[in-house]
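The following paragraphs lead through one protein model, beginning with a charged side chain and going on to the fold, the cores and the surface. Please keep the sequence and the coordinates at hand while reading.

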Amino acid sequence: MKKLKDKLAGLSLVGKLALALLLLLVAMAILAPLISPFPPDQSSGPALAPPSRTHYLGTNDLGIDLWAMICYGARVSLTIGLGTALLAGLGGALLGMVSGYKGGLLDSLLMRLIDITLALPSLPVMIILSAFFGPSLGHIILVLVAFSWAGPARTLRSATLSLKEQPYIRLAAHYGAKTPYLIKKHFLPELFPLMAVSMIRLSGRAIVAEASLAFLGLGDPTSGSWGLILNQATRFPGIYLTPYWTWWILYPWLFLSLLVSSLAFLTREFEDALGKR
């Protein structure tokens with residue numbers, strides 16, 4: 001606990017504000033049933049009502065409360081970000097460590113696969129795959145993972161190549177330590193900060209990618225994500241010629257920007273800390 005307090009105290013003002021904003025948005029998602037007085041999928045007032053005491057952020061064309069939709073939509077964005085970060089970040093990092101330590105044919109094959117993955121135009125291919133697999137939250141996470149693992153794998157491979165030359169690593173290997181043991185006892189503890197930064201970066205990119213797919217109509221229509229809210233709003237005839245966009249489009253976009261920005265600033269903060277280290 002003391003180490004955690006020391007690390008938090010070492011954050012800059014921007015880092016502390018970003019962390020506080022992220023925690024606030026996470027709390028909003030967790031407490032959605034308590035802080036939103038209306039259901040996110042049922043009409044609860046007049047259509048296209050402006051923000052008021054009853055409907056804090058107004059309603060959409062079906063009379064659904066936008067504050068409720070945004071609170072529950074935060075759950076979707078955080079699930080997408082966390083799921084992609086865990087699967088792609090952790091999986092890619094472990095692949096990179098094993099590849100960097102073992103070398104040989106495995107390392108050559110993985111590097112070629114990483115090069116191919118990073119060379120592909122991710123958004124067009126994700127659109128095709130999302131349309132092929134169908135609108136499902138699980139399918140979207142898998143598609144995002146398929147284009148997100150290569151970055152952490154390459155980063156952790158490079159760090160592993162440097163770390164494996166350390167005398168204590170070579171000595172442990174000389175006395176018969178196996179690769180799983182070395183990764184668990186030496187590589188993971190030493191490279192965890194770098195892996196955590198990669199996972200935070202991935203979560204922000206995954207949230208943006210999911211919102212983009214949902215905005216294009218390729219998201220899960222039952223998820224209620226922020227991208228889906230924007231998709232529904234922009235399909236309303238002449239939305240930008242009416243005052244409705246000032247709450248129906250502006251507020252979901254604002255919350256999405258705040259979430260992604262908080263993750264981006266935290267990534268930069270931890271990268272600076274790693275650079276000093």
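Glu271 has a relative accessibility of 32% and therefore counts as partly exposed, since that class runs between the 20% limit for buried and the 50% limit for exposed. The model in which this value was computed is a predicted one. Glu271 forms a salt bridge with Arg201, and the closest N and O atoms are 2.2 Å apart. Because Glu271 belongs to helix α13 and Arg201 to helix α10, this pair ties together parts of the chain that are 70 residues apart in sequence. Arg201 is also partly exposed, as its relative accessibility is 26%.

Salt bridges of this kind number four in the whole structure. Another joins the side chains of Asp107 and Arg157, at 2.6 Å from N to O. Here Asp107 sits in helix α5 (residues 104–119) and Arg157 in helix α8 (residues 150–163), so the bridge ties together parts 50 residues apart in sequence. Both Asp107 and Arg157 are buried. A further bridge pairs Arg170 with Glu165, with 3.9 Å between the closest N and O atoms. Arg170 is exposed, at a relative accessible area of 53%, while Glu165 is partly exposed at 44%.

The overall fold comes next. The protein chain contains 13 helices and zero strands. Its C-alpha atoms fill a box of roughly 75 × 45 × 30 Å along the principal axes. Of its 277 residues, 42% count as buried. Among contacts between residues at least 6 apart in sequence, 69% join residues at least 24 apart. The accessible surface of the chain comes to about 14700 Å², and carbon and sulfur atoms account for 68% of that area.

Which residues have the most contacts inside the largest nonpolar core? They are Met28, Trp226, Trp248 and Phe255, in a core of 32 residues. Two or more residues of this core come from each of α2 (13–30), α4 (66–102), α10 (179–215), α11 (226–234), α12 (245–248) and α13. Phe255 touches Leu25, Met28, Leu57, Trp67, Ile70 and Trp226, when residues up to four places away in sequence are not counted. Apart from this core lies another, with 21 residues, including Ala88, Val145, Phe147 and Leu218.

The structure holds eight aromatic pairs. One of them is formed by Trp67 and Phe255, a tilted pair with 6.3 Å from centre to centre and 55° between the planes. This pair links distant parts of the chain, with Trp67 in helix α4 and Phe255 in helix α13, 188 residues apart. Trp67 and Phe255 are both buried. Ring pairs also link Tyr56, Trp67, Trp226 and Phe255 into a cluster.

Thr179 is located in helix α10 and is buried, with a relative accessible area of 16%. Leaving aside neighbours within four places in sequence, Thr179 is in contact with Tyr101 and Lys102.

The loop between α3 (32–35) and α4 holds Leu48. What is the phi angle of Leu48? It is near 55°, a positive value in a residue other than glycine. Leu48 counts as buried because its relative accessibility is 15%, which is under the limit of 20%. Gln42 is placed in the loop between α3 and α4, but is partly exposed, with a relative accessible area of 48%. Gln42 touches Gly63 and Ile64, not counting residues up to four places away in sequence. Its C-alpha atom is separated by 46 Å from that of Leu113, 71 residues apart along the chain.

On the surface, Tyr240, Trp245, Leu250, Trp253, Leu254 and Leu258 form a nonpolar patch, with about 560 Å² of accessible area together. Helix α13 (residues 250–276) gives the most to this patch, contributing four residues. Leu250 is found in helix α13 and is partly exposed, at 33% relative accessibility.

Note on methods:
Residues are numbered from 1 along each chain as its sequence is written. This is a predicted model: local features need pLDDT of at least 70, side-chain atom pairs count only at pLDDT 80 or more; totals for chains, interfaces and linings use all residues. Side-chain values use heavy atoms; hydrogens and water are left out. Patches are made of residues with over 30% relative accessible area and no salt bridge: like charges are joined within 9 Å, nonpolar side chains (Val, Leu, Ile, Met, Phe, Trp, Tyr) within 5 Å. Accessible areas come from the Shrake-Rupley method with a 1.4 Å probe; for residues, only the protein chains shown count as cover. Buried means under 20% relative accessible area, exposed over 50%, partly exposed in between (1.4 Å probe, protein chains only). A nonpolar core is a set of buried Ala, Val, Leu, Ile, Met, Phe, Trp, Tyr and Cys residues joined through side-chain atoms within 4.5 Å. Contact means heavy atoms within 4.5 Å. Rings of Phe, Tyr and Trp (its six-membered ring) pair if their centres lie within 6.5 Å; planes under 30 degrees apart count as stacked, over 60 as edge-to-face and the rest as tilted.
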